[in-house]
Amino acid sequence: MLICLTASHRNASFDVLEKLSVGAPTAARTLVLNSDFITGAVILATCNRFEAYLDIDDSHAAGHRIATREVIEAVSAASAVESSTVADIVSVLSGDLVTEHLFSVSSGLESVVVGEDEIAGQVKRALQSARDDGTTSSALERLFQRASHTSRDVKTKTGLGGAGRSLVRLALELAESRVTDWSATRVLLVGTGKYARVSLTALQERGVTDFTVYSPSSRTAPFAERLAIPQVFGDGLVDAIATSDIVVTASQSPVTVLKADHFTAALATAGALQRRLVIDLGLPRNVEPAVAEITGVELLDLETISLHAPIDEFASTTSARAMVDEAAAEFTAARVEAEVTPAVVALRSHFFDVLDAEIARAEARGDHTPETERALRHLVSVLLHTPSVHARELARAGEGESFVAALETLFGVHPEPAAAPVTKLGTAHLPVQLPQTPPAQTA
């Protein structure tokens, strides 16, 4: 059985989501190792949402409830967020609702900017991380792979796919009123990873050509080398801030990169610009909140940007949601069909076993020809076709158990039980280390 614990910008503060984005992904391995009920886990943590997708053993009546509590406690311990806070902000989905939700998330329909481009890649990377850690399961693999396929369909077949939407572009749209001429604007880009490259591209589309790149990790950025963009490290940061009109931060650094002291020192530099815009796209945040209180500095962070998310284009969003609903329904139908497959296999095996026994007796009597055998095998296949089709139809209607019961009543056929799920981590159990008193939260 699949369940999902989800929290997003709709019901949780960015401060809490920031902490979850750092710590929560590390909890997946602990959950699969230590739980008697969780057989697979994929955790998706982005700048505006936290999601834990779990494959659980629901043979025990309390399995769902216990697994949910285990996730809350493990995530709390990994993120330094009180378990009561995690419990308050998460919604728990199960069954078919999990499929509908993930398909909607991966298609960008639950994002701050509806239809944004980055979420599909984040969903793929969440699955890959689970594979690398050995915490995925066959059910989660099928779910996430189908979600990626659905997001591609939505992108290519609806109006949401051609807008090039992202938080980066929304932030730059909000900055339009502050920028007179993008081509004359000097930009300091903080970060050297994928999101920094996306930010660079969005700025270039607006005509920016004067860039400087700062690396918090002292790592050389391949895109900076390729495009001959000056790159600064360490002590060069203050001077870079002093000579920039706009600072865009898109680093994955787990600690604050730009502090109020950096800007105070930059503004004190002889000839430094006295007004600048800072766009913080990092999560955890790259810029110290106190920077917003410095005269001459305007800070746009994720929380501010999300307040200005545009209203959905009704037609495109409606079309996309219809595609998601259809894909989720088909995925569910295919899954329930698979549940009667052992019964169909058992029925076919029973009939062909009976046929093989009769053919063997005919051979013993000397009353056997290849032509007769082919005709009988064809006849049995024809007879089995209709009940096999009806089995799938009954499964889609939620009545697969009636087909299994009919087999047992009419033919005494008992399908082989499905094999228990096996995870890459095995069945070893380690003690969960939870804090006795979770750290207090800050506002």
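Modeller: Buried means under 20% relative accessible area, exposed over 50%, and partly exposed in between (1.4 Å probe, protein chains only). This is a predicted model, in which local features need pLDDT of at least 70 and side-chain atom pairs count only at pLDDT 80 or more, while totals for chains, interfaces and linings use all residues. Residues are numbered from 1 along each chain as its sequence is written, and side-chain values use heavy atoms, leaving out hydrogens and water.

Biologist: How many salt bridges does a search of the whole structure find?

Modeller: A salt bridge is a side-chain nitrogen of Lys or Arg within 4 Å of a carboxyl oxygen of Asp or Glu. Searching the whole structure on that basis gives a count of 12.

Biologist: Which residue meets arginine 131 in a salt bridge?

Modeller: The N to O distance of this salt bridge is 2.9 Å. The pair links distant parts of the chain, 10 residues apart, with arginine 131 in helix α6 and its partner in helix α7.

Biologist: Where does the partner of glutamate 298 lie?

Modeller: Glutamate 298 meets arginine 178 in a salt bridge of 2.6 Å, N to O. The two are 120 residues apart, glutamate 298 being in strand β10 and arginine 178 in the loop between α8 (167-175) and β5 (186-190).

Biologist: Why are arginine 377 and glutamate 373 separated by about one helical turn?

Modeller: Their side chains meet in a salt bridge at 3.1 Å, N to O. Arginine 377 is partly exposed at 28%, and glutamate 373 is partly exposed at 21%. An α-helix has 3.6 residues a turn. The separation is about one turn because, within helix α15 (residues 370-396), the two residues are apart by 4 residues.

Biologist: What relative accessible area does lysine 124 have?

Modeller: Lysine 124 lies in helix α6. A positive surface patch includes Lys124, along with Arg125, Arg152 and Lys155, among others. (Patch residues have over 30% relative accessible area and no salt bridge; like charges are joined within 9 Å, nonpolar side chains within 5 Å.) Lysine 124 is partly exposed, its relative accessible area being 43%.

Biologist: Which residue just after α3 takes a positive phi?

Modeller: Helix α3 covers residues 63-79, and its buried residues include Gly63, Ile72 and Ser79. Just after this helix, a positive phi of about 60° is taken by alanine 80.

Methods. The expected span of a helix is 1.5 Å times one less than its number of residues. Accessible areas come from the Shrake-Rupley method with a 1.4 Å probe; for residues, only the protein chains shown count as cover. Lys and Arg count as positive and Asp and Glu as negative; His and the chain ends are not counted. The place of a charge is taken as NZ of Lys, CZ of Arg, CG of Asp or CD of Glu.
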